[in-house]
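Reader: I would like to go through the inside of this protein with you, one question at a time. Please give the cut-offs as we meet them.

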Amino acid sequence: MKRSEINALLEEARAFFERHGFSLPPFAQWSPAEFVARQDNAAHLIRSRCGWDVTDYGAGRFDEMGLVLFTLRNGLLSDLNAGRGMCYAEKLLITRRDQLSPMHTHRVKAEDIINRAGGTLVVELFGSDATGQLDPQGGGAVMCDGLVVPFKAGDKLRLAPGESITLRPGDWHAFWAEDADVLIGEVSTVNDDETDNIFHQPITRFSQIEEDANPAHLLVSDYPAHLIG
């Protein structure tokens, strides 16, 4: 992805959040220089990878397969492993109409995916086989707003604004917006995008960036190159 494209997407995302009544924390506005200047007291934000994230999953077709995210808060794996402390995370995501977030699962993270506003959110589901891989014939059950909902392999659940689904490790899922763009809320256990996204197809979680412009804001994937963390 080109940095100029990412800059434009971040501006669009901020406007989208505001339009739907979600205000971002102050660090969402920081320039790269301000983030560098404040990195000592922002150490937790850096270590836990809070902030902006844009991905095309390495495919170079953002309009077809991609996502804009902002991690509002996140604990550390050390807390989760200790079973105490900040063991949770919260994100906002924007999925565009017919824009795929591809089939994947998590080994550790359980998550609530919530349609906060916009169109219909479609979630396609598969179960896991005995080795944890996607089972093309495998079903299971999830919770939707606290109610148990059985599913068969390939079932597509449609969530209207206000509705949610709880996904546990081993629940294979893909999602996209139908009818109109969707603002998604995600509440989960500690989020580790470095190692805990297992994709069904050989794709990557983070994008390769062509630096055709200066970054308006750092992405979480920029932190290692710009910040001490």
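Author: Let us begin with a term: contact means heavy atoms within 4.5 Å. This is a predicted model, in which local features need pLDDT of at least 70 and side-chain atom pairs count only at pLDDT 80 or more, while totals for chains, interfaces and linings use all residues. Residues are numbered from 1 along each chain as its sequence is written, and side-chain values use heavy atoms, with hydrogens and water left out.

Reader: Which residues is Leu92 in contact with, leaving aside its neighbours within four places in sequence?

Author: Leu92 is found in strand S3, where helices (H or I, at least four residues) and strands (E, at least two) are DSSP runs numbered from the N terminus. At 4% relative accessibility Leu92 counts as buried, a class that means under 20% relative accessible area, with exposed over 50% and partly exposed in between (1.4 Å probe, protein chains only). Leaving aside neighbours within four places in sequence, Leu92 contacts Phe17, Phe22, Leu24, Val68, Leu69, Phe70, Leu72, Leu183, Ile184 and Gly185.

Reader: What is the volume of the largest cavity?

Author: On a 1 Å grid over the protein atoms alone, a cavity is a set of points where a 1.4 Å probe fits but cannot get out, whereas a pocket is an open set with protein on both sides within 12 Å along at least five of seven lines, and lining residues have an atom within 4 Å of a point. Grid points are joined across faces, edges and corners, and a volume is the space filled by probe spheres set on the points. By this rule there are 2 cavities of 30 Å³ or more. The largest cavity has a volume of about 160 Å³.

Reader: How do the residues of the lining of the largest cavity divide into nonpolar, polar and charged?

Author: This cavity is lined by 18 residues, and Leu67, Leu93, His104, Glu186 and Asn197 lie nearest its centre. Ala, Val, Leu, Ile, Met, Phe, Trp, Tyr, Cys and Pro count as nonpolar, Asp, Glu, Lys and Arg as charged, and the others, Gly among them, as polar. The largest share of the lining, 3 residues, comes from S11. By class, the lining of the largest cavity has 7 nonpolar, 5 polar and 6 charged residues.

Reader: How many charged residues does the lining of the second largest cavity have?

Author: The second largest cavity has a volume of about 40 Å³. The residues that line this cavity include Phe27, Trp30, Phe35, Trp52 and His217. Its lining has 8 nonpolar and 2 polar residues, and the number of charged residues is none.

Reader: Which residues that line the largest pocket are the closest to its centre?

Author: The largest pocket has a volume of about 210 Å³. Of its 17 lining residues, the closest to the centre are Ser48, Arg49, Asn191, Asp192 and Glu194.
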